[in-house]
Amino acid sequence: MTKLNAKIPEGPLADKWTNHKAKLRLVNPANRRKLDIIVVGTGLAGSSAASTLGELGYNVKVFCYQDSPRRAHSVAAQGGINAAKNYKNDNDSVYRLFYDMIKGGDFRAREANVYRAAEVSNLVIDHYTALGVPFARDYGGLIENRSFGGVQVSRTFYAKGQTGQQCLIGAYSALSRQIDKGTVTMYPRREMMDLVVIDGKARGIIVRNLITGEIERHSAHAVVLATGGYGTIYYLSTLALNSNGSAAWRAHKRGALFANPSFVQIHPTSIPVLNDHQCKLTLMSESLRNDGRVWVPKQKGDPRKPNEIPEDERDYYLERRYPAFGNLVPRDVASRAAKERCDAGYGVGPTGLSVYLDFRDAIQKKGRKYIEENYGNLFEMYEKITGESPYEVPMRIYPAGHYTMGGLWVDYNLMTTIPGLYAIGEANFSDHGANRLGASSLMQTSGDGYFILPYTIADYLADEIKTPKIPTSTPEFDSAEKEVKDRIQRLMSINGTETATSFHKRLGKIMWDYCGMVRNEEGLKKALGLLDELKVEFWNNLKIPDTAGELNQELEKASRVADFLELGKLMVYDALNRRESCGAHFREESQTETGEAKRDDENYSYVAAWEFAGDGNEPILHKEELKFEYVKLQERSYK
Amino acid sequence: MKVKLRIWRQKNSQSKGKFEVYELNDVAPDMSFLEMLDSLNQRLVKEGKSPVAFDHDCREGICGSCGIYINGRPHGNDHRTTTCELRMRRFKDGETITVEPWRAAAFPVVKDLVVDRSAFDKIIQAGGYISVNAGAAQDANSIPVPKHNADVAFDTASCIGCGACVAACKNASAMLFVAAKITHLAQFPQGRVEAPERVKRMVAKMDELGFGSCTNTRACEAECPKGISISTIAKLNREYITAKLKD
């Protein structure tokens with residue numbers, strides 16, 4: 001049985017990382033060249049880790065499924081990236097950023113990790129700026145900040161509504177520099193199919209070349225997964241269509257524990273579903289809530305156009321329910337509040353499943369030019385999709401699956417329970433608790449890659465300097481490759497009648513209905529049965545055209561859906577186990593009189609880390625108790 | 001609405017491609033162009049036929065994966081729009097739509113509508129960066145950058161590397177792509193030290209990879225989904241000449 005040791009350093013919170021760094025072992029530059037590191041994924045986590053490890057002189061191999069590392073889904077992050085610079089002089093600090101994240105995560109994250117993420121945030125901003133990321137500036141040439149949900153300071157650095165794109169271009173350029181120098185080798189259009197574990201250590205991966213269909217073996221002294229989240233399990237989500245949970249799931253099946261899988265953020269401001277053919281939901285950045293006001297009509301089913309509804313007949317329900325934070329409450333709170341209004345019959349739009357996000361007042365007060373400068377590209381995007389201009393009529397928005405706080409369990413060094421296997425960025429679980437605050441993902445994912453992993457991985461590699469290059473001809477590689485090939489063969493030979501997309505849609509509906517914004521015992525139990533049935537049907541009635549030995553996008557989808565069918569079940573087990581509400585995990589049985597999430601600190605103040613126990617068996621729960629030494633547990637209130 | 005699709009089908013880079021015709025009768029005007037292709041593919045798979053391969057990912061116009069030549073224009077007929085953002089309401093009921101991959105020597109076809117754009121990555125690897133290691137930067141506010149420069153940097157860094165500029169150009173020139181990166185990086189005080197080397201290496205790499213030369217037809221600017229201005233090419237030329245004069 002795996003014992004969980006989070007390896008949190010001793011000492012005062014503010015000194016933990018400094019003390020820990022002083023004790024981490026080093027690898028000298030001559031030895032770094034002899035050590036191979038595999039990085040899977042090229043978003044902000046993967047690119048930052050790979051370029052930094054390359055700069056340090058390690059021999060790095062990077063993999064992504066896209067045709068270019070610049071396309072990873074960090075590119076779609078919109079609103080911004082947090083840091084505790086206190087450039088606004090509004091009494092911000094590392095401690096305050098830490099506190100906001102702990103509270104925002106509803107006291108289900110590790111204090112030490114969160115503090116460290118806040119601590120390195122300033123370095124991240126410095127680095128991106130040096131790389132040429134054009135954060136918004138004022139006329140004096142200094143950097144501007146704005147505010148985000150769940151906080152009362154302005155600490156968000158931004159580049160209009162495409163901060164992720166601009167940061168990723170910076171990270172990609174640094175990665176390109178290392179590729180140019182030969183420290184990093186790039187393998188695009190490769191999908192990780194399995195992890196290779198030798199003598200208990202992560203030693204390589206099996207990938208499928210998506211162009212030729214060839215199965216390749218790659219070895220290394222350590223493997224870093226930077227493969228993002230699994231929000232596409234809902235089928236409709238704000239994620240890129242090809243984002244998937246397979247790398248993490250494969251690692252889980254090889255022994256890495258999976259933590260808090262049911263903690264999924266449902267983002268409150270996405271463009272609502274327009275038709276049955278829709279394959280994704282486009283996000284409208286949370287930053288819009290700085291200037292936009294959320295409302296629904298006070299009258300149920302009000303047939304009037306939004307602009308015809310007078311002020312006193314509008315219910316600005318966030319401002320009404322949460323006067324202290326108003327429209328800038330955290331995402332989980334805003335999402336549930338929108339669902340509550342829509343479920344009560346006050347929703348707007350053709351389906352009644354949306355609410356207004358209105359810029360009328362901001363345009364009047366600050367002028368159209370201000371709105372254009374700050375949100376121009378978002379307004380354009382909205383208009384292209386819906387055919388309506390948010391300058392003229394309020395946006396319509398609804399919550400959508402977005403970010404997974406859950407992920408592979410990692411210790412303070414970001415190492416999973418498999419020695420030599422690391423998980424960074426959204427792929428791990430450690431910093432956002434049960435709900436992530438806006439603009440904290442770019443911050444965490446970059447901090448992991450630039451300033452944390454490069455230090456902690458050296459401590460592990462210090463023991464590997466005498467290990468020669470790992471051969472790919474070992475029995476472990478043989479059997480992993482065979483398993484991958486057999487599985488592909490099984491998928492290809494089902495020859496049923498239903499497409500992978502159709503199964504994915506059905507899976508998504510089960511997950512959204514029973515393990516989405518609200519959950520209850522009965523629904524979750526029902527979901528377990530439904531998922532079993534769907535899995536059986538999938539393996540008996542799937543249809544994939546063409547062959548496995550060529551570019552085959554249907555096979556890619558099918559392989560990911562097959563993993564999602566299993567991961568979905570783990571999410572349900574986790575949601576069932578946690579009979580409390582916390583952050584984004586809302587159990588109907590556990591709510592306050594006013595309908596807010598009600599935690600049960602006595603029984604659930606732990607990280608639920610799940611061990612894979614074989615196909616068809618119930619996973620085994622391990623608990624990492626969360627100790628709060630520096631913040632006091634309290635009801636999370638934004639009123 | 002109904003549409004007739006003439007789609008370029010090509011099994012792999014070695015084989016010769018040809019157009020095939022498909023008819024769709026239940027297209028919703030709200031659908032994106034790619035959702036329309038998704039629905040065609042669902043049908044083809046069910047019929048046991050090979051679906052149309054195309055690159056796509058974010059489906060919100062920011063990753064740069066998608067790129068289809070639609071009725072003779074990269075990303076179709078909508079202004080400042082990627083293929084994934086293009087909506088079927090932009091087409092007429094009953095219209096015949098011709099669907100092709102990017103066509104450029106430097107972007108060989110991989111399969112159907114999928115092309116190999118790794119040449120763009122190679123150009124960036126030849127100097128499209130500011131050389132600074134993680135940990136070596138000073139405080140972000142220690143170097144003020146005029147707002148105008150920051151805005152120009154933002155606009156040019158908005159390039160998503162989709163390749164529409166190359167596909168639009170009769171010479172298959174990559175000048176707009178290279179110029180956007182040069183202009184982006186030229187806005188900051190940091191990185192000036194390596195600017196001459198950068199522009200020379202990137203231009204040499206572009207030429208080496210088989211992109212054509214620029215003859216100022218402005219087709220790239222007209223088709224760029226991110227609205228990158230051809231004035232960046234003037235900036236590129238200035239940087240290039242200045243660098244060459246120093247040789």
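Phe107(A) counts as buried because it has 23 C-beta neighbours inside 10 Å, where 20 or more are needed. That residue is a handy way into this predicted model, which scores ipTM 0.98 and pTM 0.97.

**Two loop residues in chain A**

- Phe107(A) sits in the loop that links α4 (94–104) and α5 (111–131) of chain A.
- The phi angle of Phe107(A) is near 55°, a positive value in a residue that is not glycine.
- Lys160(A) is another non-glycine residue with a positive phi, here about 45°.
- You will find Lys160(A) in the loop between β4 (156–157) and α6 (163–181) of chain A.
- Is Lys160(A) buried or exposed? Lys160(A) counts as buried because 25 C-beta neighbours lie inside 10 Å.

**An open parallel sheet in chain A**

- Five strands of chain A make up an open sheet with parallel pairing, and their order is β5-β2-β1-β9-β17.
- At the edges are β5 (184–187) and β17 (421–423) of chain A, each of which pairs on one side only.
- On average, neighbouring strands in this sheet are turned by 20° against each other, with direction ignored.
- Three bridges hold the parallel pairing of β9 (residues 222–225) of chain A with β17(A).
- To place that pairing on the structure, look for Val223(A), which stands opposite Leu421(A) in β17(A).
- As background, the strands of a sheet pair through backbone hydrogen bonds, in either a parallel or an antiparallel way.

**An antiparallel pair in chain A**

- β11(A) and strand β15 (residues 395–404) of chain A run antiparallel and are joined by five bridges.
- Within this pair, Gln265(A) has Tyr403(A) of β15(A) as its bridge partner.
- β11(A) is mostly covered, with seven of its seven residues buried.

**Domains of chain A**

- Chain A is assigned three domains: domain 1 (29–265 + 403–461), domain 2 (267–399) and domain 3 (475–602).
- Between the C-alpha centres of domain 1 of chain A and domain 3 of chain A there are 24 Å.
- How many residues does each of these two domains bring to their contact? Domain 1 of chain A brings 37 residues and domain 3 of chain A brings 39 residues.
- On the side of domain 1 of chain A that touches domain 3 of chain A, at least two residues each come from β6 (190–198), β7 (201–209), β8 (215–219), α7 (246–253) and β11 (264–270) of chain A.
- β6(A) has the largest share of that side of domain 1 of chain A, with six residues.
- Sorted by class, the residues on that side of domain 1 of chain A are 21 nonpolar, 11 polar and five charged.

**Chain B on its own**

- Chain B has a mean pLDDT of 97, and 100% of its residues reach 70 or more.
- Its secondary structure consists of eight helices and seven strands.
- Along the principal axes, the C-alpha atoms of chain B fill a box of roughly 60 × 35 × 35 Å.
- Chain B has 247 residues, and 53% of them count as buried.
- Among the contacts in chain B with a separation of 6 or more, 71% are between residues 24 or more positions apart.
- The domain assignment divides chain B into domain 1 (3–110) and domain 2 (118–245).
- The C-alpha centres of domain 1 of chain B and domain 2 of chain B are 29 Å apart.
- Where these two domains meet, 18 residues of domain 1 of chain B are in contact with 16 residues of domain 2 of chain B.
- The side of domain 1 of chain B that touches domain 2 of chain B is made of nine nonpolar, six polar and three charged residues.

**Where the two chains meet**

- The contact draws on 66 residues from chain B and 64 residues from chain A.
- On the side of chain B that touches chain A, at least two residues each come from α1 (33–46), β6 (109–111), α2 (118–125), α3 (147–157) and α5 (175–185) of chain B.
- α1(B) gives the most to that side of chain B, with six residues.
- By class, that side of chain B holds 28 nonpolar, 21 polar and 17 charged residues.

Technical notes. Residues numbered from 1 in each chain as written. Chains lettered and ligands numbered in written order. Predicted model: local features only at pLDDT ≥ 70, side-chain atom pairs only at ≥ 80, totals over all residues. Contact = placed C-beta atoms within 7 Å. Helix = DSSP H or I, 4+ residues; strand = E, 2+ residues; numbered from the N terminus. Nonpolar A, V, L, I, M, F, W, Y, C, P; charged D, E, K, R; others polar. Domains from an automatic or database assignment. Buried ≥ 20, exposed ≤ 12 C-beta atoms within 10 Å, placed from the backbone. pLDDT = per-residue confidence, 0-100. Pairing = 2+ DSSP bridges. Axes fitted to C-alpha atoms, helices over the stretch in contact; angles between N-to-C directions.
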